[in-house]
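Hi,

Here is the structure I promised to pass on. My notes on it follow below.

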Amino acid sequence: PNIDSLALDGGIRFTQMYNCARCCPSRASLLTGKYPHQAGIGHMVYDAGVGPEYQGYLRRDVQTIAEALKQEYPSAKEGGGGNMDGETSEKGGGYATFMVGKWHVGGEYPPDASHEWIQKTMGDESHPLPTQ
């Protein structure tokens with residue numbers, strides 16, 4: 001309903017979207033509001049081995065829009081700063097959030113990966129799962 005009301009009130013124009021002509025970095029920008037390098041997806045979803053800007057998955061210190069809008073988020077007082085770490089205590093935007101569709105900001109998964117490899121790897125340090 002809130003998004004519908006924005007459209008009824010003349011709409012909203014996004015004028016500062018950064019598109020780097022590749023899906024994963026652009027997706028990282030849309031999800032976080034940061035430049036892709038700031039979010040950790042400077043190229044694609046593999047670790048280029050040259051620093052956190054090219055680690056190939058979202059940095060833990062970068063908040064996604066789902067984390068910002070959810071009902072509660074980690075407190076800065078508790079060391080979370082509203083990111084993926086820490087205990088929940090401060091109120092967020094009051095929205096219930098969910099994810100549908102591609103993630104493609106959670107590390108590299110080989111196309112021939114076995115089910116066992118995916119189950120073992122999913123959610124580890126370099127293959128984080130979406131949180132909201």
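The accessible surface of the chain comes to about 8,700 Å², and carbon and sulfur atoms account for 54% of that surface. Accessible areas come from the Shrake-Rupley method with a 1.4 Å probe, and for residues only the protein chains shown count as cover. Please keep in mind that this is a predicted model, in which local features need pLDDT of at least 70 and side-chain atom pairs count only at pLDDT 80 or more, while totals for chains, interfaces and linings use all residues. Residues are numbered from 1 along each chain as its sequence is written, and side-chain values use heavy atoms, with hydrogens and water left out.

On confidence, pLDDT is the predictor's confidence in each residue, from 0 to 100. The chain has a mean pLDDT of 76, with 76% of its residues at 70 or more. Confidence is highest in α3, at 92, and lowest in strand β2 (residues 88-91), at a mean of 57. Over residues 80-86 pLDDT stays under 50, and there the model has 24 contacts beyond four places in sequence; a contact means heavy atoms within 4.5 Å.

As for the fold, the chain has 5 helices and 2 strands, following the pattern α-α-α-α-β-β-α along the sequence. Helices (H or I, at least four residues) and strands (E, at least two) are DSSP runs, numbered from the N terminus. Of the 132 residues, 27% count as buried, where buried means under 20% relative accessible area, exposed over 50%, and partly exposed in between (1.4 Å probe, protein chains only). Among contacts between residues at least 6 apart in sequence, 38% join residues at least 24 apart.

Helix α2 (residues 23-32) may interest you. In α2, 7 of the 10 residues are buried, so this helix is largely enclosed by the rest of the structure. The buried ones are C24, P25, S26, R27, A28, S29 and T32, and what covers them includes α3. Just after α2, G33 takes a positive phi of about 80°.

Which cysteine sulfur is closest to that of C23? It is the sulfur of C24, 3.8 Å away and too far for a bond. A search of the whole structure finds 0 disulfides, a disulfide being a pair of cysteine sulfur atoms within 2.5 Å. C23 is partly exposed at 39% relative accessibility, whereas C24 is buried at 3%.

The whole structure has 2 salt bridges (a side-chain nitrogen of Lys or Arg within 4 Å of a carboxyl oxygen of Asp or Glu). In one, D61 pairs with R59, with the closest N and O atoms 2.9 Å apart; D61 is partly exposed, at 47% relative accessible area. In the other, E125 pairs with R60 at 3.8 Å between the closest N and O atoms. E125 lies in the segment after α5 (115-121) and R60 in the loop between α3 (36-39) and α4, so this pair ties together parts that are 65 residues apart in sequence. E125 counts as exposed at 51% relative accessibility, and R60 as partly exposed at 27%.

Finally, I65, L69 and Y95 form a nonpolar patch on the surface, with about 260 Å² of accessible area together. Patches are made of residues with over 30% relative accessible area and no salt bridge, with like charges joined within 9 Å and nonpolar side chains (Val, Leu, Ile, Met, Phe, Trp, Tyr) within 5 Å. I65 sits in helix α4 (residues 65-69) and is partly exposed, at 48% relative accessible area.

Best wishes
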